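Here is a briefing for a reader meeting this structure for the first time. Please look over the sequence and the model, then read on.

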Amino acid sequence: MPNIKSAKKRVLVIEKKTLQNKMFKSAFKTIVKKYEAAVAAGDKDTAIALYREVVKVTDKAVAKGILHANNAARKKSRFTVMLNAMA
């Protein structure tokens with residue numbers, strides 16, 4: 001346990017940020033599962049709408065530092081391939 005005031009504050013800030021990151025990751029995984037389910041079901045209209053949302057959330061994750069840029073690019077590429085394979 002830290003004794004210095006600034007170190008105590010950092011512990012509190014890190015706990016708060018960790019919680020925010022977990023919430024964002026959970027929401028990200030949920031939207032990805034919804035997209036993959038729509039693609040598996042063959043529902044093209046829903047898949048297109050969810051594709052836009054998935055790409056948007058993926059870009060936000062990169063901006064927040066939750067995902068590495070290359071990881072996000074790979075994911076977006078795979079999402080695009082899944083959507084194009086439906087045609």
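Met86 counts as partly exposed, because its relative accessibility is 22%; buried means under 20% relative accessible area, exposed over 50%, and partly exposed in between, with a 1.4 Å probe and protein chains only. Met86 is found in the segment after H3. This is a predicted model, in which local features need pLDDT of at least 70 and side-chain atom pairs count only at pLDDT 80 or more, while totals for chains, interfaces and linings use all residues. Residues are numbered from 1 along each chain as its sequence is written, and side-chain values use heavy atoms, with hydrogens and water left out.

**Around Met86**

- Leaving aside neighbours within four places in sequence, Met86 is in contact with Ala38, Val39, Gly42, Asp43, Lys44 and Ala47; contact means heavy atoms within 4.5 Å.
- Met86 and Leu19 are 67 residues apart in sequence. Their C-alpha atoms lie 37 Å apart in space.

**Helix H1**

- Helix H1 covers residues 5–41. Helices are DSSP runs (H or I, at least four residues), and strands are too (E, at least two), numbered from the N terminus.
- H1 has 37 residues, so at 1.5 Å a residue it should span 54 Å. The end C-alpha atoms of H1 are 54 Å apart, which agrees. The expected span is 1.5 Å times one less than the number of residues.
- The buried residues of H1 are Phe24, Phe28, Ile31, Val32, Tyr35, Ala38 and Val39. H2 and H3 are included in what covers them.
- Gly42 follows H1, and its phi is positive, near 80 degrees.

**Phe28, a residue of H1**

- Phe28 is found in helix H1. Phe28 is buried, because its relative accessible area is 9%.
- Not counting residues up to four places away in sequence, Phe28 touches Val57, Thr58, Leu67 and Lys75.
- Phe28 and Arg10 are 18 residues apart in sequence. From C-alpha to C-alpha, they are 26 Å apart in space.

**Helix H2**

- Helix H2 covers residues 44–64. It has 21 residues and reaches 30 Å from its first C-alpha to its last, close to the 30 Å expected at 1.5 Å a residue.
- Ala47, Leu50, Val54, Val55, Val57, Thr58 and Ala61 are the buried residues of H2. They pack against H1 and H3.
- Gly65 follows H2, with a positive phi near 85 degrees.
- Thr46 is found in helix H2. At 32% relative accessibility, Thr46 counts as partly exposed.
- Thr46 and Tyr35 are 11 residues apart along the chain, and 8.0 Å separates their C-alpha atoms.

**H1 against H2**

- Two packed helices are described by the angle between their axes and the distance between the axes. Axes are lines fitted to C-alpha atoms, for helices over the stretch in contact, and angles run from 0 to 180 degrees between N-to-C directions.
- H1 and H2 pack at an angle of about 155 degrees, with their axes 9 Å apart. H1 is therefore roughly antiparallel to H2. Angles under 35 degrees count as roughly parallel, over 145 as roughly antiparallel, 65 to 115 as roughly perpendicular and the rest as oblique.
- H1 and H2 have a left-handed crossing. A crossing is left-handed if the near helix is turned anticlockwise from the far one by less than a right angle, and right-handed if clockwise.
- Residues in the contact include Phe24, Phe28 and Ile31 of H1 and Leu50, Tyr51 and Val54 of H2.
- The contact of H1 with H2 has 13 nonpolar, 2 polar and 4 charged residues. Ala, Val, Leu, Ile, Met, Phe, Trp, Tyr, Cys and Pro count as nonpolar, Asp, Glu, Lys and Arg as charged, and the others, Gly among them, as polar.

**H1 against H3**

- Helix H3 covers residues 69–85. H1 and H3 pack at an angle of about 20 degrees, with their axes 10 Å apart. H1 is therefore roughly parallel to H3.
- H1 passes H3 in a left-handed crossing.
- Phe28, Val32, Tyr35, Glu36 and Val39 of H1 meet Lys75, Phe79, Met82 and Leu83 of H3.
- That contact of H1 with H3 has 7 nonpolar, no polar and 2 charged residues.

**H2 against H3**

- H2 and H3 pack at about 175 degrees, with axes 9 Å apart. They are therefore roughly antiparallel to each other.
- Among the residues that meet are Ala47, Ile48 and Tyr51 in H2 and Phe79, Thr80 and Leu83 in H3.
- By class, the contact of H2 with H3 has 10 nonpolar, 2 polar and 2 charged residues.
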